[in-house]
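Dear colleague,

I am handing over the structure we spoke about, and below it I have set out what was found in it. Please read the notes with the structure open beside them.

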Amino acid sequence: MQTFDVVIVGAGPAGMSAATEAADLGLRVALLDEQLSPGGQIYRGVNGVSAERAKLLGADYAYGKTLTSRLPRDGLAYFDGAVVWAIEDGFCISYTKDAKASVLNADRVVLATGAMERPMPIPGWTLPGVMTAGAGQILMKQSGIVAQNAVLVGTGPLLYLVAAQMIRFGAPPVALVETQTRSDLIRGARYAGGAMRGWRYLRKGLALLAEIKRAGVPRHRAATGIQVEGTDRAEAVRFHADGAEHRIVCDTVFLHHGVVPNTQAARALRVPHFWDDAQACFVPNVDSWGMADVEGLFIAGDGAGIGGAKSAELAGRITALRVAELAGKLAVADRDRKAAPLQAASQTDRAVRPFLNAAYPPYTGALTPDDATIICRCEEITAGDIRRFAKLGCEGPNQTKAFGRVGMGPCQGRYCGLSVTMLLAEAHARTPDDIGYYRIRPPLKPVTLGELAAMSAPDLEGEV
Amino acid sequence: MKPVSPFLETGTAPQVTIQFDGAPMTVPQGSNLAAALLAAGIRTFRQSPVSGAPRAPHCMMGVCFECLVDIDGVSRQACMVDVSEGLVVNRLAKAEDPDADL
């Protein structure tokens, strides 16, 4: 069995920068990523992208190549297409690659599993043709395909970026249906000071809005009552805005109302999480180095709370410094000296967050949806079902499994977890912290008997 | 006949042939399977094992499991697979429990 000083899970900005920094500090590093090429979702497919496509997607995306190009180096073993399905204390990291399960040993683990888009349960969101805005962007980045007759629905900067990228790809969206209100923007204005420190992001946002306007894409704001219509696929988006009912015919609907930490692996390792009101999601409890309350475990990047790609890259390096110090490769004074500029840069980069959180809050209609809306896509459990379970005495997310198999399908609760917590909190008039979250158990991703059978004998013997 | 796709392809990669539901399909070499199927006009990837409702890729990043397809008897996330010549892909029907091989 291979043994490393540190195993890093996820090759997005945080994982890549943590891995290169740690290797440069003399650690033996393994970087595991389930994608077949590095970059995470933000820089997905960046190594394979043509110069022409990179130009359409923008400089912030193309920058990902700077990070991926640093991966080949001494002391860094990068495992592509490696799906981690169990991390056990100690640490033993089980993963599948090329249809074969294997195990790595490491003194320390850095989870850099990033973010996922906040699920947006609205009526009709399970229909084919309804995707996340991030999915629409991934199709452009990795595959160069763009939806031709799409409506973007929700709120937040990513919506504008995807719209602008679609315009540059030659397929402007039919419309933007935005959920933020004028009073959200006014609330956001309170954080104008921070927003000004993050002026680069504001400038980028304004440029995107100008691009959308130039392309003549209509924007509807403060939309409510949003639903996707269709029988066996998305056919139209219906919503209420400006005192009128609207119906826009389309083939594809891209939903987005923010991103949330992907906490699955951290949960499985029993890392305590707390509810972050500003971001309306659970975040793991970590210190400023990304160190969790589990011996030897670190979380870097958006998985530790949403900060974006640049912050994630900085966080990866900051975490690597602490890991190297603990491994005896770096003196405390050197650690602090190296960390200071990174921490300062991180603070500046995150300055825009309070503004974004306030100005583009999640769509209320999808946080506590109507009774008929499906919450658990896998098991087709509705918001009404969850409320009914609550009335019958169901107090926590884990109990909903017994009441109705909620969260027990293939996605293992990734898509319904936050909604179930919020619905139960609403029904019982308790806080999300009080209600808690699903207990996540391995395997984190499906593993087949065939893959286990292909496990090599030394791996199976382990450290016995 | 190739169904009409709501997606526009901008790439010019060499093509390979895969089998989808028993029929040959040409797709860009090395492309993401879920993306390639969408570009080929495939709207429904599977039926929900609960109600039989049609489902298709939603997140494209390995989280939602809506793009599960059968590859060599194993249900896998199409958005996490790159295509290669001769790949045999089948849709999961309602009767077949997509959990069966997990």
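**What was found**

Chain B contains one helix and eight strands, and, read from the N terminus, its elements follow the order β-β-β-α-β-β-β-β-β. Please keep in mind throughout that this is a predicted model. Of the 102 residues in chain B, 54% are buried, and when contacts in chain B between residues at least 6 apart in sequence are considered, 47% of them join residues at least 24 apart.

The contact between the two chains may interest you for your own work. Chain A contributes 44 residues to this contact and chain B contributes 39 residues, and together the two chains bury about 3600 Å², with 59% of that area on carbon and sulfur atoms. Two salt bridges are counted between chain A and chain B; B:Arg55 forms a salt bridge with A:Glu380, in which the closest N and O atoms lie 3.4 Å apart. There are also 16 residue pairs in polar contact between chain A and chain B, counting pairs with both residues at pLDDT 80 or more. On the side of chain A that touches chain B, at least two residues each are supplied by strand 7 (115-117), strand 8 (130-132), helix 5 (133-143), strand 9 (145-147) and strand 16 (252-257), and the largest share, five residues, comes from helix 5 of chain A. Sorted by class, that side of chain A has 22 nonpolar, 11 polar and 11 charged residues.

Within chain A, helix 11 covers residues 309-326, and its 18 residues reach 26 Å from the first C-alpha to the last, which is close to the 26 Å expected at 1.5 Å a residue. Because 14 of the 18 residues of helix 11 of chain A are buried, this helix is largely enclosed by the rest of the structure. Helix 11 of chain A is followed by A:Gly328, which has a positive phi, near 80°.

One further residue in chain A deserves a look, namely A:Phe403, which is found in helix 16 (residues 397-404). Is A:Phe403 buried, partly exposed or exposed? Its relative accessibility is 32%, so A:Phe403 counts as partly exposed, since the buried class is kept for values under 20% and the exposed class for values over 50%. Leaving aside neighbours within four places in sequence, A:Phe403 is in contact with A:Phe389, A:Leu392, A:Gly393 and A:Cys394. A:Asp385 is 18 residues away from A:Phe403 along the chain, and the C-alpha atoms of these two residues are separated by 9.2 Å.

With best wishes

How values were computed
Residues are numbered from 1 along each chain as its sequence is written. Chains are lettered from A and ligands numbered from 1 in the order in which they are written. This is a predicted model: local features need pLDDT of at least 70, side-chain atom pairs count only at pLDDT 80 or more; totals for chains, interfaces and linings use all residues. Side-chain values use heavy atoms; hydrogens and water are left out. Helices (H or I, at least four residues) and strands (E, at least two) are DSSP runs, numbered from the N terminus. The expected span of a helix is 1.5 Å times one less than its number of residues. Buried means under 20% relative accessible area, exposed over 50%, partly exposed in between (1.4 Å probe, protein chains only). Contact means heavy atoms within 4.5 Å. Buried area is the accessible area (1.4 Å probe) that two parts lose on being put together, summed over both. A salt bridge is a side-chain nitrogen of Lys or Arg within 4 Å of a carboxyl oxygen of Asp or Glu. A polar contact is a pair of N or O atoms within 3.5 Å; within protein, one must be able to donate a hydrogen and the other to accept it, and residues adjacent in sequence count only if both atoms are side-chain atoms. Ala, Val, Leu, Ile, Met, Phe, Trp, Tyr, Cys and Pro count as nonpolar, Asp, Glu, Lys and Arg as charged, and the others, Gly among them, as polar.
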